[in-house]
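Below are some notes for a colleague who has not looked at this structure before. Please read them with the model open.

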Amino acid sequence: MGSAKFENPGAEERCAILKRVKTIAVVGLSPNPARPSYGVAKAMQGFGYTIVPVYPGAKTVLGAKAYPRLADIPGPVDLVNVFRRAEHLDAVVSECLGLEHKLLWIQEGIVNEPAALRAQSGGMTVVMNRCIYRDYAQYCR
């Protein structure tokens, strides 16, 4: 049997996902304005999304209460956007599957094919190695 290869949803489907999402949990959302996660989340907030920071060291980021883990978020989350290094993705995928999240967006520059395939086989729609802000700005406006 050949090994499965991860493929992202096409541009139209990525845009459809972003059009139905309201609340985005951002794993690894740094309180440091110089970090890419901060700039991207701030831009998505500006487009009208509710951003829920997941960052153990912070109380608040971008004016929103931060949570140490996805499991600590009290309300529903439509999409999990990940700004963590590839070696941390296995744990994030496990947490997402345990919480029955359906949408996982792994930020540009982060690739962990086995983790992405595991998320897909667990029923999640996965976008990997793409910038959520750039895709939104390019395909959804």
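1. The model is a predicted one. Helix H1 itself covers 11–20, E6 is the strand at 103–106, and H5 is the helix at 132–139.

2. Which residues of H1 are buried? They are Arg14, Cys15, Ile17 and Leu18. Looking down the axis of H1, these buried residues fall within an arc of 155 degrees, so they line one face of the helix. As background, an α-helix has 3.6 residues a turn, so residues three or four places apart point the same way. The face of H1 turned away from the buried side carries Glu12, Lys19 and Arg20, which are exposed.

3. The largest nonpolar core has 26 residues. Those that touch the most other members are Ile24, Met44, Tyr49, Ile51, Leu79 and Ile132. Two or more residues each come from helix H1, strand E1 (23–27), helix H2 (36–46), strand E6 and helix H5. The largest share is that of H2, with 4 residues.

4. Ile24 deserves a separate look. What is Ile24 in contact with, leaving aside its neighbours within four places in sequence? The list is Met44, Tyr49, Thr50, Ile51, Val52, Leu79, Asn81 and Ile132.

5. The largest pocket holds about 460 Å³ of space. It is lined by 23 residues, and the closest to its centre are Val27, Gly28, Phe83, Arg84 and Arg85. The elements that give two or more residues to this lining are H2 and helix H3 (89–99). Sorted by class, the lining has 13 nonpolar, 4 polar and 6 charged residues.

6. The last point concerns Ser30, found in the loop between E1 and H2. Is Ser30 buried or exposed? Its relative accessible area is 7%, and buried means under 20%, so Ser30 counts as buried. Not counting residues up to four places away in sequence, Ser30 touches Arg35, Ser37, Tyr38, Tyr55 and Val61.

Note on methods. Residues are numbered from 1 along each chain as its sequence is written. This is a predicted model: local features need pLDDT of at least 70, side-chain atom pairs count only at pLDDT 80 or more; totals for chains, interfaces and linings use all residues. Side-chain values use heavy atoms; hydrogens and water are left out. A nonpolar core is a set of buried Ala, Val, Leu, Ile, Met, Phe, Trp, Tyr and Cys residues joined through side-chain atoms within 4.5 Å. Buried means under 20% relative accessible area, exposed over 50%, partly exposed in between (1.4 Å probe, protein chains only). Contact means heavy atoms within 4.5 Å. The arc is that of the directions from the helix axis to the C-beta atoms. On a 1 Å grid over the protein atoms alone, a cavity is a set of points where a 1.4 Å probe fits but cannot get out, and a pocket is an open set with protein on both sides within 12 Å along at least five of seven lines; lining residues have an atom within 4 Å of a point. Grid points are joined across faces, edges and corners, and a volume is the space filled by probe spheres set on the points. Ala, Val, Leu, Ile, Met, Phe, Trp, Tyr, Cys and Pro count as nonpolar, Asp, Glu, Lys and Arg as charged, and the others, Gly among them, as polar.
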